[in-house]
Amino acid sequence: MTKYILTRTLRSLLTVAIVFVTVFMLLRLMPLSGYFPQEILKETDEATRMTYLRNQGLLDHPFVQLWRFVKNLFQGDLGRSLTVYPKVPIITLLKEKIPVTAAFGFASMVIGIVLGISLGLVMVRFKNNWGDRLGTFFILIVRAVPSIIYLFFIQVWISKWFDLPLVFYKDRPESWVLPTICLSLGSIAYYALWLRRFMVDEENKDYVKFAMVKGLPKRVVWKKHVFKNAVIPLVIYLPSDLLFIISGSLVIESLYAIPGTGGLLTTAIKSQDNNLVQVIVLMYAVLSVIGVFLGDLLVAFVDPRIKLTEGE
Amino acid sequence: MKRIAALVLVLALMFSFTACQNGDKNVNANQTTEPVATKTPEEISNAAQEITDAKEYKSVYRTSFNKSYASFNYFSTAYSTVRSIVTNCIDGLVEPDIYGVYVPSLAESWTANDDETVWTFKIRQGIKWVDHTGADTGMEVTAQDFVDGIRYIGDPLNDAYSLRVVRNLIEGLYDYYWTLDDIDSGEVADKTREEVLASFDNTVGVKAIDEYTVEYTLTSSAPYFLSLIESSMLLLPIEYDYAIELGEDFGVDNEHMLYCGAYYISAFERDKAITLTKNPLYWDKNNVTVETVEYQMIPEGTTSLEMFKRGELDDATVEAEEYLSMKGTEWEGKLIPTERSLSTNYLWLDFSGANPEFNTFVQSENFRKALQYSLNREAIASLRDPVDPQRVLRATINAEGAIYDGNGVDYTDYAPLKAVKDTDYNKPELARQYMEAAVAELCDENGNIKGIEAGKVDYLPVGTFEVDAKLPVTVIYVGTDDENEIVMAQLMKTMVEEAIGTDLIDFQIVCFSGWTYGTVADPYNYDIYFDSLSTGYADPSGILTRMTTDGAENVGGYDVPEYDALIDQALNAATFEERLEKFAEAEAYLCNGAYVIPFISSLRGYYMTNCMPFTSPLTLYGNSKFKGALVMDKPLTYSEYQTLDAAYEIARTDALKNAD
Amino acid sequence: MEVKTNEAKRPAAALNPLKFRAAIYNNMDSEDIGFSNYSYWKSTLRTFFKNKAVVALVALVTGMIVMSFMYPIFSTVDPNKVSMLPLEWNLRPSAEHWFGTDTLGRDIWARAWYGCRNSFLLGFCIACSDVGFGMIAGALWGYNKKIDPFMIELYNIMTNIPSTVYMVLLAYIMNTSYITLFVSMASRGWIVEARFFRNRILSIRDSEYNIASQCLGTPMRRIATRNIIPHIVSLIIMEAALCIPYSIGSEVFMGFVGVGMPVDAITLGNIVNQGRASFTLHPYQMLLPTVILCTITVAFYVIGNKFADASDPRNHV
């Protein structure tokens with residue numbers, strides 16, 4: 001087991017390094033004019049721009065830049081944002097933004113799991129009945145209608161009907177309701193959909209039928225066998241989901257003016273904010289590797305048939 | 001039948017607007033003159049006074065912003081959004097009053113020498129820098145702080161970007177900056193950085209004569225210097241030691257800067273909210289009426305409109321389409337047309353591009369004129385203002401109502417530009433004629449364009465295109481992927497192809513995402529490019545000197561020596577009037593030759609507000625100030641606005657007269 | 001033991017030879033008894049089409065596909081015809097324009113069908129490539145323990161390099177076209193599908209009947225084709241069905257990043273995106289494209305689900 005964890009960690013480190021260096025180098029392929037917003041480009045001449053780029057160290061050889069970044073990283077310095085928030089230390093940005101997004105993410109994840117699983121259970125319990133149909137209808141809406149349409153609808157109309165604020169305010173708890181609901185809709189549908197499917201699959205299995213015939217109470221069969229087995233395929237993504245609550249949603253955060261991390265990566269890439277992009281990519285890469293690893297551990301833990309072994 | 005009737009009606013309306021527009025050069029004259037025309041000036045003023053007196057005012061102003069404030073470092077950032085906050089927090093030497101006349105701010109008085117190259121300002125005494133809690137820092141705003149402002153931007157390591165105008169205007173600053181830069185890049189080794197830094201006080205034309213007197217020496221006559229102080233953040237004061245000590249942290253948030261304006265930033269939540277609180281130590285605090293300004297970030301425009309309707313905001317912009325949907329609702333009477341925009345939208349024609357077909361044709365004036373006359377500008381303007389598109393039109397490069405000579409004559413009313421303004425450019429027949437002339441000139445009888453060969457046009461990253469060296473002429477329009485701009489481009493395509501005919505022109509649209517200037521316009525990766533420029537201060541040179549053959553803004557890559565000569569004459573003119581005359585001639589030359597095609601202003605839409613209009617400084621070139629603003633608890637109605645506007649115009653005419 | 005064998009070989013003496021005759025050995029017939037004529041696919045289809053609602057849905061989707069391909073051929077309305085008269089912009093539905101006109105007076109009915117066709121094609125291609133490659137890779141991944149670590153790291157690398165980074169770069173070196181769009185969208189979708197299939201295959205592989213089958217020495221190929229593929233066919237159909245709305249959604253995102261398609265190209269993503277801007281003002285502009293889009297997604301989803309039920313052999317009896 002120790003050996004497994006060790007090799008796995010080493011491999012993960014390698015992955016992270018590959019991801020990071022690739023992204024780092026790709027960023028250096030971008031055209032130099034991209035470092036300047038339109039407004040600045042029009043106001044400056046070529047020479048002033050080169051001066052600026054030189055000051056920022058962007059004209060150095062990519063490997064020199066890479067080495068500088070790594071060196072600073074080990075001294076705890078993540079650098080400063082380049083174009084999106086000029087000169088603002090990235091660590092400050094992350095400290096400001098992650099808690100907001102994480103709070104929403106965590107709340108919506110809990111809601112998503114609780115409601116999603118309840119809905120899934122209701123749908124299985126009342127299979128081919130009104131509960132099932134209603135649930136299916138909900139899932140269909142969420143998955144089929146382009147999200148921007150129902151998100152818009154929720155923001156404008158639901159807020160009017162229930163007299164809720166249109167945007168998020170830190171000091172008004174009622175303004176947290178709509179964004180949290182919006183964020184959790186997707187995962188409710190996801191968990192309900194797959195739980196129902198997996199449980200129906202499981203329910204038809206011979207060992208379940210046998211357990212029923214044997215005379216086990218239905219409740220026990222469902223709890224001990226059907227539900228447990230159906231949850232296993234869902235569990236594997238749980239740690240990743242939990243870690244990635246800090247990544248946020250671009251559309252919802254922008255609709256409700258939530259100052260989170262939602263659009264940060266995309267904006268940073270589009271604005272060629274190299275410093276910001278590489279830090280975020282590094283962070284996400286580390287998190288996702290950890291997430292996958294924890295997912296595998298968790299599955300091995302809940303499903304005795306699956307064992308973590310190294311290359312046999 | 002109904003449609004024709006409606007069309008006739010609209011056309012009739014348009015003409016009536018045109019008629020009004022020509023009668024009065026005021027932007028809103030067509031709407032304001034009619035209801036109050038029969039009243040005397042006293043009656044109007046009294047009516048306006050009644051409205052003002054009847055209202056109740058609040059001390060909090062709640063507004064929104066849609067793009068995050070990246071930084072508050074007013075020297076190193078070119079994001080114009082930052083200026084809207086900074087203008088309220090850091091005062092300049094002078095500021096405009098509510099009529100746009102420059103009045104003392106941090107400077108109590110000022111003088112200029114005869115040719116307006118040396119400007120001396122007497123600084124008000126006892127002005128304190130305050131911190132983000134409004135507490136006195138013990139530091140005083142002195143003449144040295146203005147000198148240090150220039151010192152700060154003169155050092156390339158401080159990354160001041162948009163210093164083109166100021167760097168060229170202040171004596172010695174250009175050389176100072178580039179010497180430092182050469183040292184940094186290792187090109188110059190015989191001087192050290194310290195030596196050059198120490199030479200600042202002797203070489204650069206800004207001096208603290210005594211503690212409260214600052215003197216600027218300029219490289220050329222600048223009668224517009226006061227307007228430059230209003231528009232440019234680079235002429236603001238700075239507490240040098242404080243800023244240098246903070247280094248890169250200066251201005252990253254509200255805690256890392258000092259304030260000397262009407263407000264200080266008391267709270268700052270990045271990408272979310274900003275609170276401005278009245279500065280208790282402000283020199284003019286009796287005229288600061290609003291105690292607190294609360295900004296919140298609302299990225300979606302429709303949301304801020306909805307919030308205004310629910311009373312959660314004190315202002316909201318209303319786009320053209322939203323305007324139509326609000327007709328017949330309770331809000332209709334509260335929609336006020338946006339007053340002015342100094343920014344002009346125009347089309348660049350690429351004289352240096354890689355498309356042989358377009359490149360051959362664009363050299364022909366006939367072809368350029370064909371393009372110029374093929375646009376139905378009113379239809380394009382209808383996208384911006386469906387009710388009164390006429391007010392959006394603009395045929396000149398510099399905006400009207402922005403630059404006046406000593407006699408109060410608008411720059412765009414100088415004869416050469418007046419002619420441009422009065423030309424009707426919506427003439428599809430004429431466009432076809434011009435095009436046929438160009439074709440006769442440049443093609444053989446089989447429709448082959450002379451002197452070029454078929455091939456592949458490489459405009460990457462925009463794209464690659466095949467051209468066959470035959471008619472129709474392939475024209476590649478490159479725009480951004482902004483939804484509104486795409487719609488406008490598609491409309492233009494239809495117009496050009498219908499006016500000129502698809503047998504002669506093939507108009508292709510490519511949209512490119514991101515910051516197009518650096519990837520499309522600058523490297524000539526286009527045939528036609530849509531852009532805008534705005535009049536930055538009260539002098540046409542701001543735009544025009546950049547559009548010369550080797551100017552920074554000559555994105556079309558044209559070569560027009562006649563224009564350059566006229567600009568030279570203008571810069572060397574003896575009087576301001578002559579200068580404007582020459583500039584007008586040059587601008588008209590560019591427009592008449594269709595080297596660039598200005599067609600509309602950036603004016604768009606309407607707004608709703610709880611703010612009493614004409615109570616805060618008229619900042620033509622800078623951003624609006626909250627100083628003096630009166631905030632009501634109910635939205636202003638359009639009829640109130642009209643009365644107030646009429647009264648304001650009367651008062652303003654008087655004020656401008658007195659100022660001279 | 002011997003006794004037993006003898007008994008089994010000799011018919012019981014009590015049988016009446018008049019009533020029972022020994023059958024003549026027939027090779028064909030013996031096969032017939034040994035192997036039932038049960039055909040998995042035939043039964044699946046039969047069960048699938050037994051449901052009237054499914055038949056209706058399949059007909060509807062087929063109808064829409066046919067319509068979206070036929071309309072551009074037979075219609076004379078130019079979906080890109082821009083009107084220069086502001087009066088013809090944003091018209092409400094009328095006899096002339098069934099679903100009104102958009103911001104530039106283009107006919108929404110026509111645009112919707114053109115868009116439908118283009119998005120279908122694009123979505124279909126992406127579904128084929130994502131699910132196709134994903135399934136093959138997922139099957140290999142799930143069945144070959146040796147490549148598992150490699151694939152996991154490949155997955156980690158690919159999903160961790162933000163697609164925006166290379167799409168922005170791609171936009172710099174390629175023209176805006178359907179092919180660019182397809183390449184950039186399909187370049188990563190397969191690995192996500194592969195992981196999904198891998199996980200499903202793993203759980204099927206380890207299920208009892210397959211372990212039993214393996215113990216009996218059934219070759220891997222046979223297990224894969226007989227025991228596993230039928231099980232994941234329903235998943236394939238569902239994933240493919242969900243690829244179409246997904247591709248329409250990402251189309252919009254691609255445009256945002258700059259790997260969009262030509263401006264004149266009409267796709268449902270384009271139309272929905274344009275309509276979004278004026279959603280509060282002219283909701284009807286969104287109505288038709290959204291209804292088409294939702295119908296497609298819902299139909300594919302339901303069909304996928306029913307097919308999943310139908311493809312379960314236990315439901316065949």
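Six residues of domain 1 of chain B are in contact with six residues of domain 2 of chain B, where contact means that the C-beta atoms of two residues, placed from the backbone, lie within 7 Å. On the side of domain 1 of chain B that touches domain 2 of chain B, three residues are nonpolar, three are polar and none is charged. In these classes, Ala, Val, Leu, Ile, Met, Phe, Trp, Tyr, Cys and Pro count as nonpolar, Asp, Glu, Lys and Arg as charged, and the others, Gly among them, as polar. Domain 1 of chain B covers 72-253 and domain 2 covers 343-601, with bounds from an automatic or database domain assignment. The C-alpha centres of the two domains of chain B lie 36 Å apart.

This is a predicted model, in which local features need pLDDT of at least 70 and side-chain atom pairs count only at pLDDT 80 or more, while totals for chains, interfaces and linings use all residues. Residues are numbered from 1 along each chain as its sequence is written, and chains are lettered from A and ligands numbered from 1 in the order in which they are written.

Within chain B, helix H18 and helix H19 pack at an angle of about 65 degrees, with their axes 7 Å apart. The axes are lines fitted to C-alpha atoms, for helices over the stretch in contact, and angles run from 0 to 180 degrees between N-to-C directions. H18(B) is therefore roughly perpendicular to H19(B), a term for angles of 65 to 115 degrees. The table lists the residues that make this contact.

| Helix | Range | Contact residues |
|---|---|---|
| H18(B) | residues 428-442 | B:Pro428, B:Ala431, B:Arg432, B:Met435 |
| H19(B) | residues 483-500 | B:Glu498, B:Ala499, B:Ile500 |

Of the residues in the contact of H18(B) with H19(B), five are nonpolar, none is polar and two are charged.

Chain B also meets chain A: 37 residues from chain B and 32 residues from chain A form the contact. Helix H7 (173-185), strand E13 (292-297), helix H12 (301-309) and helix H20 (516-521) of chain B each supply at least two residues of the side that touches chain A.

Chain C comprises twelve helices and zero strands, where helices (H or I, at least four residues) and strands (E, at least two) are DSSP runs, numbered from the N terminus. Of the 317 residues in chain C, 40% are buried, that is, 20 or more other C-beta atoms lie within 10 Å of their own. In helix H7 (residues 163-173) of chain C, eight of the eleven residues are buried, including C:Tyr166 and C:Met167.

Notes: Buried ≥ 20, exposed ≤ 12 C-beta atoms within 10 Å, placed from the backbone. Parallel < 35°, antiparallel > 145°, perpendicular 65-115°, else oblique.
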